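Please read the following alongside the sequence and the coordinates.

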Amino acid sequence: MQAIPQELIDKLVQLEPVSIAITGSTASGEETPASDMEVAIIFEDDGYHSRSELAAYSTAEIHIYPFRRSEIMQHTASVPFPVRFYFWWLSHHANTVWGEIILEHLKVGMRNQDWKEVLAFERGVALSAIIAFRNRDQETANWG
């Protein structure tokens, strides 16, 4: 697994988060040479910094996603994936690199309906990949 550069962690810590964690394919060990690194930064609700504020810390290789602690604890953050699965996945794959270990301690139970939602989502991704391939968009097709 790749590591977040220490100088980036030092800069992010100045924003007073409660936790910084590696997520995505880098955390799960599924990264490829084309993978970027996704970093979750968790703030107390009253100290939250938006994604646009954090854009100055992101690069082409490292993307930083902010969360409010309450959104994490209640599994209510706005994410482009099936929500329960997203939090279940984080609880099994995130890797805290600074601060409180929050993501790895989440308690998320998956129900049959949640798995059905994941399968429907993945079918949509597969359909998107087929359409992208048909339109000669190899980069998008490879993602799907």
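This is a predicted model: local features need pLDDT of at least 70, side-chain atom pairs count only at pLDDT 80 or more; totals for chains, interfaces and linings use all residues.

**Helices, a pocket and a polar contact**

Among the elements that cover the buried residues of helix H6 are helix H5, residues 83–93, and helix H7, residues 138–143.

H6 runs over residues 112–134. It has 23 residues, and the distance from its first C-alpha to its last is 33 Å, close to the 33 Å expected at 1.5 Å a residue. The buried residues in H6 are Asp-114, Val-118, Val-125, Ala-129 and Ala-132. After H6 comes Arg-136, which has a positive phi, near 65 degrees.

Lys-116 is also part of H6. Is Lys-116 buried or exposed? Its relative accessible area is 53%, and the cut-off for exposed is over 50%, so Lys-116 counts as exposed. Between Lys-116 and Pro-82 there are 9.9 Å in space, C-alpha to C-alpha, although the two are 34 residues apart in sequence.

The largest pocket has a volume of about 1,100 Å³. It is lined by 31 residues, of which Gly-24, Ser-25, Glu-38, Phe-81 and Trp-143 are the closest to its centre. Which elements each supply at least two residues of the lining? They are H2 (24–28), S3 (62–68), H5 and H6. By residue class, the lining of the largest pocket has 18 nonpolar, six polar and seven charged residues.

Arg-69 lies in H4. A polar contact of 3.0 Å joins the side chain of Arg-69 to the side chain of Glu-44. With neighbours within four places in sequence left aside, Arg-69 is in contact with Val-18, Ile-42, Phe-43, Glu-44, Asp-45, Glu-100 and Ile-102. Glu-44 is therefore on both counts a partner of Arg-69: the pair has N or O atoms within 3.5 Å, as a polar contact requires, and Glu-44 is listed among the contacts of Arg-69.

Notes
Residues are numbered from 1 along each chain as its sequence is written. Side-chain values use heavy atoms; hydrogens and water are left out. Helices (H or I, at least four residues) and strands (E, at least two) are DSSP runs, numbered from the N terminus. Buried means under 20% relative accessible area, exposed over 50%, partly exposed in between (1.4 Å probe, protein chains only). The expected span of a helix is 1.5 Å times one less than its number of residues. Contact means heavy atoms within 4.5 Å. On a 1 Å grid over the protein atoms alone, a cavity is a set of points where a 1.4 Å probe fits but cannot get out, and a pocket is an open set with protein on both sides within 12 Å along at least five of seven lines; lining residues have an atom within 4 Å of a point. Grid points are joined across faces, edges and corners, and a volume is the space filled by probe spheres set on the points. Ala, Val, Leu, Ile, Met, Phe, Trp, Tyr, Cys and Pro count as nonpolar, Asp, Glu, Lys and Arg as charged, and the others, Gly among them, as polar. A polar contact is a pair of N or O atoms within 3.5 Å; within protein, one must be able to donate a hydrogen and the other to accept it, and residues adjacent in sequence count only if both atoms are side-chain atoms.
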